[in-house]
Amino acid sequence: MFHKILVGLEGSEASWCAYRRALTLSREHGSELWVVSVEEHLPRYAATIDEVKEEQEYENTYFERVQGQARELAEEQGVALHCRTVVGHAAQRILECARAGSFDLIVVGHRGHSNPLHRLAGSTADRIVDHAQCCVLVEHPSSVSVNST
Amino acid sequence: MFRRILVGFDGSPGARRALHYALQLAVSSESLVWALAVKEPLPRYAARAAELLAESDVREHFERLENEARSEAAAAGVPLQAEAVQGHASQAIVEYARQVNADLIVIGQHGHGGVLDRMLGSTSDRVVDTASCSVLVVPSERHRS
């Protein structure tokens, strides 16, 4: 059914829900599983290059830790996990990775809209749903208990 | 995995693909499936009377959809309940999913027609935003390579 699954993981509770669902799907359908973490917060106007490097090192360390936890969970379930970290806009980068790698499913978390501006601009999940060329599963936090089975 | 799956089914190619995915998921998890068709409100201001379909035509159309979903499900060996309800597509799908306690909604992806749609969002956006369960959005055929 799904041969290659890509899941966006940045360490939030919503993205962990998405990851756990992707892991279950991958185990049940024998799909190849990839995690992509997107570094979004590098300063655009830094006073010195060190400021950018410092932020990048901080994010690299953070994502290494997150992906390490993801690997442990995958190993427990006997699933081989591939990880990537990229820099840029989350929705754009996830869509690019999905297209380049010919994925047939993207799994992302649902974070909800905290304010009216987000309502108008749309969430990362909305943008992925609108532009993806493959199936997109938006995992709702209420499904956590289902995920952990 | 997913035990109670609701699929939005309006007979369009995207909805047929959504039904196909819902049935495939259901086969592997022995899930129950509901296929929901939504009768959207008739135009308020029609130029000609012919724009408003006769009630019998509408009924026939939705019966055809329900039968199509049932026969697809029977072929896949999946228990399916088909129903048509009145309302706005996204609201009706989300509401029905709550009623049947669905843990997954499967819908077809819809494109954006213009700036207004971009701001208001498509049916799939609204379902993703307001559903209280997970949502699988299946792309239209033109996107498939």
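**View 1. Buried residues of helix H5 in chain B of this predicted model.** Helix H5 of chain B spans residues 123-130, and its buried residues are B:Ser124, B:Asp125, B:Val127, B:Val128 and B:Asp129. The cover over these buried residues includes parts of both chains: from chain A it includes helix H5 (124-131) and strand E5 (135-139), and from chain B it includes helix H3 (89-99), strand E4 (104-108) and strand E5 (134-138). As background to this view, an α-helix has 3.6 residues a turn, so residues three or four places apart point the same way.

**View 2. The packing of H3(B) against H5(B).** Two packed helices are described by the angle between their axes and the distance between the axes. For H3(B) and H5(B) the angle is about 35° and the axes are 9 Å apart, and H3(B) passes H5(B) in a right-handed crossing. On the H3(B) side the contact is made by B:Ala89, B:Ser90, B:Ile93 and B:Val94, while H5(B) supplies B:Thr123, B:Arg126, B:Val127 and B:Thr130. Sorted by class, the residues in this contact are 4 nonpolar, 3 polar and 1 charged. B:Val127, which takes part in this contact, is also listed among the buried residues of H5(B).

**View 3. The packing of H3(A) against H5(A).** In chain A, helix H3 covers residues 90-100, and its axis comes within 9 Å of the axis of H5(A), the two crossing at roughly 35°. The crossing of H3(A) and H5(A) is right-handed. H3(A) brings A:Ala90, A:Ala91, A:Ile94 and A:Leu95 to the contact, and H5(A) brings A:Thr124, A:Arg127, A:Ile128 and A:His131. By class, the contact of H3(A) with H5(A) has 5 nonpolar, 2 polar and 1 charged residues.

**View 4. The contact between chain A and chain B.** Chain A contributes 23 residues to the contact, and chain B contributes 24 residues. On the side of chain A that touches chain B, the elements giving two or more residues are helix H1 (13-29), H5 and E5 of chain A, and E5(A) gives the most, with 5 residues. By class, this side of chain A has 11 nonpolar, 8 polar and 4 charged residues. The strands E5(A) and E5(B) run antiparallel and are joined by 3 bridges, and A:Val138 stands opposite B:Val135 in E5(B).

**View 5. The open sheet of 10 strands.** The strands follow the order E3(A)-E2(A)-E1(A)-E4(A)-E5(A)-E5(B)-E4(B)-E1(B)-E2(B)-E3(B), and the pairing in this open sheet is mixed. Its edge strands are strand E3 (81-87) of chain A and strand E3 (80-86) of chain B, each of which pairs on one side only. From one strand to the next, the twist averages 20°. Within chain A, strand E1 (residues 4-8) and strand E2 (residues 32-39) pair in the parallel sense over 5 bridges, and A:Gly8 has A:Val36 in E2(A) as its bridge partner.

**View 6. A:Gln69 in helix H2 of chain A.** A:Gln69 is found in helix H2, which takes in residues 49-76 of chain A. A:Gln69 counts as partly exposed because 14 C-beta neighbours lie inside 10 Å, a number between the limit of 12 or fewer for exposed residues and that of 20 or more for buried ones. Although A:Gln69 and A:Gly11 are 58 residues apart in sequence, their C-alpha atoms are 9.7 Å apart in space.

**View 7. Positive phi values at A:Ser102 and B:Asn101.** Most residues other than glycine have a negative phi. A:Ser102, which is not a glycine, has a positive phi of about 50°, and A:Ser102 lies in the loop between H3 and strand E4 (105-109) of chain A. In chain B, the phi of B:Asn101 is near 60°, a positive value in a residue other than glycine, and B:Asn101 is found in the loop between H3 and E4 of chain B. A:Ser102 counts as exposed because it has 11 C-beta neighbours inside 10 Å, and B:Asn101 counts as exposed with 11 C-beta neighbours inside 10 Å.

**View 8. Chain B and its elements.** Chain B holds 5 helices and 5 strands, and from the N terminus on its elements run β-α-β-α-β-α-β-α-α-β. Of the 145 residues of chain B, 39% count as buried. Among the contacts in chain B with a separation of 6 or more, 74% are accounted for by residues 24 or more positions apart.

How values were computed
Residues are numbered from 1 along each chain as its sequence is written. Chains are lettered from A and ligands numbered from 1 in the order in which they are written. This is a predicted model: local features need pLDDT of at least 70, side-chain atom pairs count only at pLDDT 80 or more; totals for chains, interfaces and linings use all residues. Helices (H or I, at least four residues) and strands (E, at least two) are DSSP runs, numbered from the N terminus. Two residues are in contact if their C-beta atoms, placed from the backbone, lie within 7 Å. Ala, Val, Leu, Ile, Met, Phe, Trp, Tyr, Cys and Pro count as nonpolar, Asp, Glu, Lys and Arg as charged, and the others, Gly among them, as polar. Two strands pair if DSSP finds at least two bridges between them. Axes are lines fitted to C-alpha atoms, for helices over the stretch in contact, and angles run from 0 to 180 degrees between N-to-C directions. A crossing is left-handed if the near helix is turned anticlockwise from the far one by less than a right angle, and right-handed if clockwise.
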